[in-house]
Amino acid sequence: MITAGIDIGSITAKVAIFENGKLLATKVIFTGYNAEAAGLKVYDEILKEKDINKSVIAKIVSTGYGRNSVKFADKSYTEIMCHATGAHFLNPRIRSIIDIGGQDSKAILLDDKGKVKNFVMNDKCAAGTGRFLEVMARAMEVNLDEFGAMSIKSKQPSKISSLCTVFAESEVISLIAKGEQRQDIIAGIHESIASRISSMIGRVGIKEPVMITGGVARNIGVVHALEKKLGMKIEVSPYAQVNGAIGAAIIAASP
Amino acid sequence: MNKLAYFDTSHEMPLEIIMAAGFIPYKIMGDVHKSTDPADKYLSSFFCPAARSWLTEALAHSKEWAGIIFAQGCNNTNRHYDIWKLHVETPFLHWFGAPLLDSAAAKKYYRVELQRLISHLENQFDVKITAEKIREAIGKSNAIKKKLKSLSSLRSQKDIPNRDYLTAIIKCLTCPVEEVSTWLDSEITLWNSRPAFPSDKKQFLLTGSDITYVEWMDTLDDCGIRVVRDDLSVGERFFATLIPDRNDPLEALIEYYTGIPKPATRPTIQKRLDYLYQALQETKADGVLSQNLKFCEPYAYDSVPVNNALKARGYRVLHLERDFSPAADQQFANRLMAFVEMMDGGNNG
């Protein structure tokens, strides 16, 4: 049986195709203004690329903030459930997930069967999310993809005391004006995210092994800052960004 | 008959005195669809948004009301009375100092406050509030409470959207008693004829700040949550108990209003918990949804010990903070849906 999982996030739309317990393909595109169109596009493109006929897709499950705009999905689930399912598939030993997406961050605790035991999400605030990093990258005039690599060169991370995206941006501009090293400021930004996330995680209590998922998992600087702050190793899957879509495809395959 | 409006953060206002004075008691609940800009001139944005909405309503509509009575309730909004005194045009503004406690001394004080309210109304409106009129009002109040109780009990048995229940409560708090009484009779018949409780919904007890707009209740429905019990003032607290039958109607009111299930603005937390435990024993709920309106400090402070106590008894509790807005909040809905999915045991293939 072939199933599809579609995860419409605030920044990117992801799709995963599953066949008989095996991951066939994944794809990521920008969501843009129209979530419904993004869902259709990412789905159509992956089917075309892999030469799969729509008629062979037995079931589609959507997830993410735009899950309800995927009108052709058979069912939708929250990304909490889908990330749990995806992470359990990628590594059944995982007991905690830190998911940092474009507009929110979450900590999810799993039991030994991969079921969600508890979860916590950030408040309505961009701090500690991918959007925060985007704003900072713009202030630093650095491509977001280079953020992680630059920060690990830092010897002395700057101190970013404000947790609010708007005020943190002002603080970063002040640090630039003071002449602090770019890599130090970026490392400081990552530490401020780690600080925010670790406080949130403290509300549910983290259990090892820990996996990070979501688009921000691609930023090695954030991962290092989190490992330092939490004092534990964090597993990063190459499928971190599409983990929610993978989970959705697995759920679609379940009875 | 004129409406006499009241500012009440809980269920502290002795409505029967207003009725005995010949007025329709009208609970000020604001309008979530209207901007609070008029009130924001006098109250900063870090104050309770519901209270800012109430002030906005009063600034626009106070002239349609015979007067306004403030009942002592939440510590954060009690002194809004002074702001209203300065800025809301009304021929009658009264402070009703409903005591916080239910001790013998508090009850004695309650009687003084009732008599002060009666005198003020009698002098202002040239009416006589007799014991007989109060008894008659008590009878009408109790009839409404009985009907609401009967309606409310159908929530766990029939397919009753959350908004229908809230609509019924709001109607009872804002419309003439006679009109409401007839309407409730037809609603009871209608609700009884509805299909059985839907199998795809979870039964929840709702606690925390008052909900005053139906859109929020719709969000719960959209997330698979049906509120079958609650301890809200715009809810069960209003009809959980009946006004006792006493020779002295003031004694009956004192007994009733000092004995109703406690909100977060009244001690003790244990008394509040006792009602929650009782409700959860009477009605099997899948979970408890604890929510507080942003800047609603009494409920925010209470939420930790209350939720911990419920969790200690094995209840599944989700606590959320919400905005005062009719707009759909996807992040909020996500938490609700994930909690419901978690209750279903997830589905990880």
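Biologist: Which residues does Ile6(A) touch, not counting residues up to four places away in sequence?

Modeller: Leaving out residues up to four places away in sequence, Ile6(A) touches Val15(A), Gly39(A), Val42(A), Tyr43(A), Ile60(A), Ser62(A), Val70(A), Ala73(A), Ala245(A) and Ala248(A). Two residues are said to be in contact if their C-beta atoms, placed from the backbone, lie within 7 Å. This is a predicted model, in which local features need pLDDT of at least 70 and side-chain atom pairs count only at pLDDT 80 or more, while totals for chains, interfaces and linings use all residues. Residues are numbered from 1 along each chain as its sequence is written, and chains are lettered from A and ligands numbered from 1 in the order in which they are written.

Biologist: What makes a set of residues a nonpolar core, and which residues have the most contacts inside the largest one?

Modeller: A nonpolar core is a set of buried Ala, Val, Leu, Ile, Met, Phe, Trp, Tyr and Cys residues joined through C-beta atoms within 7 Å. Buried means that 20 or more other C-beta atoms lie within 10 Å of the residue's own, with C-beta atoms placed from the backbone. The largest such core has 171 residues, and those with the most contacts inside it are Ile6(A), Ala249(A) and Ile68(B).

Biologist: Why does this core lie between domain 1 and domain 2 of chain A?

Modeller: Domain 1 (1–91 + 242–255) and domain 2 (95–236) of chain A both give residues to the core, so the core lies between them. The domain bounds come from an automatic or database domain assignment.

Biologist: How many residues of chain A are in contact with chain B, and which element gives the largest share?

Modeller: On this side there are 19 residues of chain A, in contact with 13 residues of chain B. Helix 2 of chain A brings the largest share, 5 residues, where a helix is a DSSP run of H or I with at least four residues, a strand is a run of E with at least two, and both are numbered from the N terminus. The side of chain A that touches chain B divides into 11 nonpolar, 5 polar and 3 charged residues; here Ala, Val, Leu, Ile, Met, Phe, Trp, Tyr, Cys and Pro count as nonpolar, Asp, Glu, Lys and Arg as charged, and the others, Gly among them, as polar.

Conventions: Buried ≥ 20, exposed ≤ 12 C-beta atoms within 10 Å, placed from the backbone.
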